[in-house]
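Keep the sequence and the structure in view.

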Amino acid sequence: MADPRFYDNQGPFTLAALAGLAGVALPKAADGTLTITDVAALSGAGVTHLSFFVGGSGHARNELHATTAGACFVSQTDAGFSETNSVLIPCKSVQHAFARAVQAFYPDSNFSSSHQQAAVDSSAIVATSAVLGHGVVVGEGAEIGEDVRIGHNAVIGRGVTIGRDCEIGSNVTISHAYLGDGVVILPGAQIGQSGFGFASGPSGHVKIPQIGRVIIQDKVEIGACTTIDRGALGDTVIGEGTKIDNLVQIGHNTKIGRHCIIVAQVGISGSCELGDFVVLGGQAGVADHARVGDGARLAARGAIAPGDLPGNQDYGGVPARPLKQWKRELAAVAILARRRKRDNNG
């Protein structure tokens with residue numbers, strides 16, 4: 001259950017209404033008029049709550065057995081579980097169904113402010129349904145679409161375009177960028193700042209002007225305090241549906257494909273190319289001009305060297321190599337270390 005100090009519950013809903021919103025069918029014996037007042041974890045749910053169960057160990061099944069939740073989303077394989085009093089609702093994807101139910105109870109919170117608290121340039125175009133927080137600055141020629149929500153003290157730079165139904169968190173700065181529809185940017189992120197490019201010589205380092213853009217396609221999510229640099233001449237591109245965690249650095253001219261997952265503290269150098277559905281584990285690094293194929297997955301703290309990394313494989317290590325090979329090498333090193341210790345001990 002969500003803390004009412006921070007979240008506004010839009011319920012209650014009938015069980016039938018929630019099932020419809022979640023895109024699942026109720027079992028024939030279920031009472032669709034049952035009132036559901038909130039969502040909760042199995043262990044904390046009551047008779048008016050909706051919960052979920054994704055399978056797992058005996059401990060997880062014990063929680064399902066003991067719960068007093070009025071209804072519970074379960075996988076189709078668990079729909080026959082009989083040791084519970086909850087109404088079990090089979091789902092093709094439990095996580096997707098429960099996410100839709102939570103969104104019904106707790107839709108994205110609006111910012112209770114108006115354009116009068118923001119500094120909007122007279123040449124900017126701001127949709128009447130957009131909501132701007134206190135201290136927001138909107139620059140010359142910027143365009144902000146319908147149902148956009150911008151948090152306090154965010155800065156939208158000159159010429160920036162933001163599509164429909166986007167959420168921009170507090171203290172975000174966006175410059176030299178075009179955003180599609182349904183983009184979410186969490187607080188503190190910095191989009192479109194100058195890339196890290198210098199001409200070095202005996203007298204020092206001369207900054208190379210960065211005159212490109214950032215293109216963020218539809219339904220991208222960007223985590224708190226993440227930075228995405230604009231291109232030097234071309235564009236830095238984040239593909240549709242990609243999800244980027246907190247504290248990620250993406251260098252100039254990098255192109256990231258559709259529906260990628262980039263976990264916290266990843267660093268991606270300039271001029272890299274990531275295909276579609278690439279996954280980078282936490283604290284992974286990608287060297288400049290590296291090219292990563294579709295569906296490649298890199299374990300946490302792995303590093304990709306310049307060059308091509310084929311897609312549809314799992315990788316690990318520094319430099320990255322196929323995951324099974326990396327694990328064999330680690331095992332071999334451990335065996336050698338134990339052998340050496342034994343030999344030294346006589």
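A residue is buried at under 20% relative accessible area, exposed at over 50%, and partly exposed in between (1.4 Å probe, protein chains only). By that cut-off, 42% of the 346 residues of the protein are buried. This is a predicted model, in which local features need pLDDT of at least 70, side-chain atom pairs count only at pLDDT 80 or more, and totals for chains, interfaces and linings use all residues. Residues are numbered from 1 along each chain as its sequence is written, and side-chain values use heavy atoms, with hydrogens and water left out.

The C-alpha atoms fill a box of roughly 80 × 80 × 35 Å along the principal axes. The protein has four helices and 39 strands. Both are DSSP runs numbered from the N terminus: helices are H or I with at least four residues, strands E with at least two. Contact means heavy atoms within 4.5 Å. Among contacts with a separation of 6 or more, 20% join residues 24 or more positions apart.

Now turn to a helix pair. The axes of α1 (residues 15–22) and α3 (residues 94–105) come within 8 Å and cross at roughly 120°. L18, L21 and A22 in α1 meet A97, R100, A101, A104 and F105 in α3. Seven of these contact residues are nonpolar, none is polar and one is charged.

Last comes α4 (residues 323–344). Its 22 residues reach 32 Å from first C-alpha to last, close to the 32 Å expected at 1.5 Å a residue. Zero of the 22 residues of α4 are buried, so α4 lies largely in the open.

Methods: Axes are lines fitted to C-alpha atoms, for helices over the stretch in contact, and angles run from 0 to 180 degrees between N-to-C directions. Ala, Val, Leu, Ile, Met, Phe, Trp, Tyr, Cys and Pro count as nonpolar, Asp, Glu, Lys and Arg as charged, and the others, Gly among them, as polar. The expected span of a helix is 1.5 Å times one less than its number of residues.
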